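Have the sequence handy as you read.

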Amino acid sequence: MLAQPRGVRCALNLRHVSSHSRPHSSIGSSSTVVRHNHRRRPSRKNLPTGKATTTPTSTTATSTHPLDELTSEEITRAAEAVRNAFADTELRFNSVTLAEPSKKDLTLFAQDGPEKTPKRTAEVVVLVPKTGEAYVCYVDYEANDDVQTNKLPLGTQPPYSPDDCFLAEDIVKADEEVASLLKERYGIEDLALVACDPWSVHLAEGLDYKPLQWRDDGVPARLVQTFLYLRHDADDNHYAHPIDILPIVDLNARKVVAVEGVDRPAPKLPTASVNYHRNKLASNEYLQTEWRKEVLKPLHIVQPDGPSFEVNGRHVTWDKWTLRVGWNMREGLVLHDVAYDGRSVLRRGSLVEMAVPYGDPNPPFERKCAFDVGDYGLGYCANSLELGCDCLGHIQYFDVTQADAEGAPYTIKKAICMHEEDDGILWKHMEYRNGHAESRRSRKLVLSFIATVVNYEYLFYWTLHQDGSIEFQIKLSGELSTNLLSEGEEAPAYGVMVAPGVNAQVHQHMFCARLDMDVDGSANSVAEVDVETLPVDASNPHGNAFKAKKTVLKTESDAKRTYDSNACRTWKIFNPSKINEISGEPVGYKLVPFTSGAAQPTLMTSPSCAVNTRGEFATKNLWVTSHSDDERYPAGEWTPQSTGALGLPEWTSKNRSVENTDVVCWHAFGVMHVPRPEDFPVMPCETTGFMLKPDNFFTGNPSIDLPPVEDKMSKEESSCCSE
């Protein structure tokens, strides 16, 4: 069913660099360059069959910009080059993606044009299951597909690809011990009705976790824990029927190496039908069994003259905004070069990490914490979007192409959706003395994608507004990851019963956005702005004084900050060399937290918890670093089975200056989810997000030049009060 790693034969031997160096870094003489000319297309016969929303592609479109993601042809070439570079070695491809040029090289390209075009390079991550080794390879398309290989420290685990997740489930279902346990404990014989949710293993006890040490030949284990559920049929909601045993899979060995939870008596499994699927609604035992009789009348979004945006490849122009659409398997959608009326605002913006800890200390749930971006890759988890449902109106879609475990390209059709929406009133005032009103409606441009990470749906929306604001909103939907009560529990101590016999645990979703700000240039500073109440004194005799106080964050240590709603705290990213002629203040944009959804806490696990060590980024709402191309992910480059304080805590220990320099803002925010029965069987969207709002960037409201428009398609409904 799944793409299997294949042995490849080549007469070359490799020397390897022992650390991860990117191609534009100083790699030194120990790097390996392999040259080959022969190109062969990999076989497609063993591709995964479980990708219902993706199709293989054979397009050979030529890239027109250094940030355009790899084409199918480029993925095939890169995979072939790496395959040929490893002699007699069975490889499993983890990812084949664009190695983005350095910011310096991109700046030169923007200034000087094609003669400064950065070289085109693929970043290829491969694993050798037999040895447990992992490599980052760089393929230079402009140098005869030369390959440079960097061997990662033994035990380093790249993200789990979709093929890895399918493989883990196949391994569990093929295991005789698991089959015997399911039959003996629960009478389950048809394993086709068993769902195995693949989760990364959070090492709560560190490297002492026994399944890590199951083999004695020095080959590291690549572990996946699989939470089990029972389906009544293919469409049944299996989260209503959790099973309490937990198989642990080693993907390198392709075997189940442990089964946890067998030491307690087998509990009775919940059997109630609790469904949302259109084919299963009639089976519900206590929820609705038929469609509601009174349905809302159709609401159509039409643009008879077409949309207002223009698209040239991946470059988008809309109103006074310009931007470039990017994509990779880890971050999913990336916005590049966001500018308003030709003035730079955001050089690169994306979601770069998540931490999702569950608050139940009962075994095995202390190991239930996924770092969804680093562990699985949002791009890998992306949906193919449906017109008229996921996206409404006049839609521009962007397809994306990625690689499977064989290194073969496949395309996710309609992975990115772009469209315009009405956004209500942008501004209005009526002069009450004469009744004259001026009002303008707001339009917004929305770029979105949706990722399904096992049970959860994450809906990501980047929005550009006509007042110069940039908004990032996340909606959370999908299904709760459910479980049975732990042994000895009569009611859940750390969760909520959401169906008969079904517990949903309290958990957090902590997100981190990486914002490479270039506000009217790359030399920026950051200030924390609080509104403070002033003491009663001679200058404030009536006690009514309060004002905004700005504190410049001078170093990376100064810039580790937490949100304070009582102070109306914001952070202003400003350009000290550009002064607003009206206010006398430097031009800037302010980061406003929690503009969507309620304000939420930082990471709630204990400071001594391994979640805090690995996910220290989520203990603060803001970090500011001096820009470095190699500082990409706030919990470190490789999160599966990680144990150290990597990423932001490591980088900021240098305590570099962040004044009047090229800065990157890392904004951590999240959702505390205390489940409700109303969240089951499928969850209405929860929301969170932030805005970047112009603050002294303009000399006034930038949208007063919008002409008045009367929508003649609007219709007044007659009523007793309409005369």
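What follows covers a sheet with its packed helices, then a residue with a UniProt annotation.

## The model

Keep in mind that this is a predicted model.

Let's start with the open sheet, where four strands line up in the order 8-9-10-11 with antiparallel pairing. Strand 8 (194-199) and strand 11 (255-260) sit at the edges, each pairing on one side only. On average, neighbouring strands here are turned by 30° against each other, ignoring direction.

Zooming in on one pair, strand 8 and strand 9 (residues 223-230) run antiparallel and are joined by six bridges.

Two helices come next. Helix 3 (residues 162-174) packs on the sheet and touches strand 8, strand 9, strand 10 (246-250) and strand 11. The direction of helix 3 makes about 130° with that of strand 8.

Helix 4 (residues 176-186) also packs on the sheet, touching strands 8, 9, 10 and 11. The direction of helix 4 makes about 35° with that of strand 11.

## Around Tyr 456

Now for the annotated residue: an unreviewed UniProt entry lists Tyr 456 as "modified residue: 2',4',5'-topaquinone". In the model, Tyr 456 lies in strand 21 (residues 456-465). Tyr 456 counts as buried because its relative accessibility is 2%, under the 20% cut-off.

Who's around it? Beyond neighbours within four places in sequence, Tyr 456 is in contact with several residues, among them Tyr 358, Glu 479, His 509, His 673 and Met 683. His 507 is on that contact list too, and the side chains of Tyr 456 and His 507 are joined by a polar contact of 2.9 Å.

How values were computed:
Residues are numbered from 1 along each chain as its sequence is written. This is a predicted model: local features need pLDDT of at least 70, side-chain atom pairs count only at pLDDT 80 or more; totals for chains, interfaces and linings use all residues. Side-chain values use heavy atoms; hydrogens and water are left out. Two strands pair if DSSP finds at least two bridges between them. Axes are lines fitted to C-alpha atoms, for helices over the stretch in contact, and angles run from 0 to 180 degrees between N-to-C directions. Contact means heavy atoms within 4.5 Å. UniProt positions are given in the numbering used here, feature names are shortened, and annotations may be inferred rather than shown by experiment. Buried means under 20% relative accessible area, exposed over 50%, partly exposed in between (1.4 Å probe, protein chains only). A polar contact is a pair of N or O atoms within 3.5 Å; within protein, one must be able to donate a hydrogen and the other to accept it, and residues adjacent in sequence count only if both atoms are side-chain atoms.
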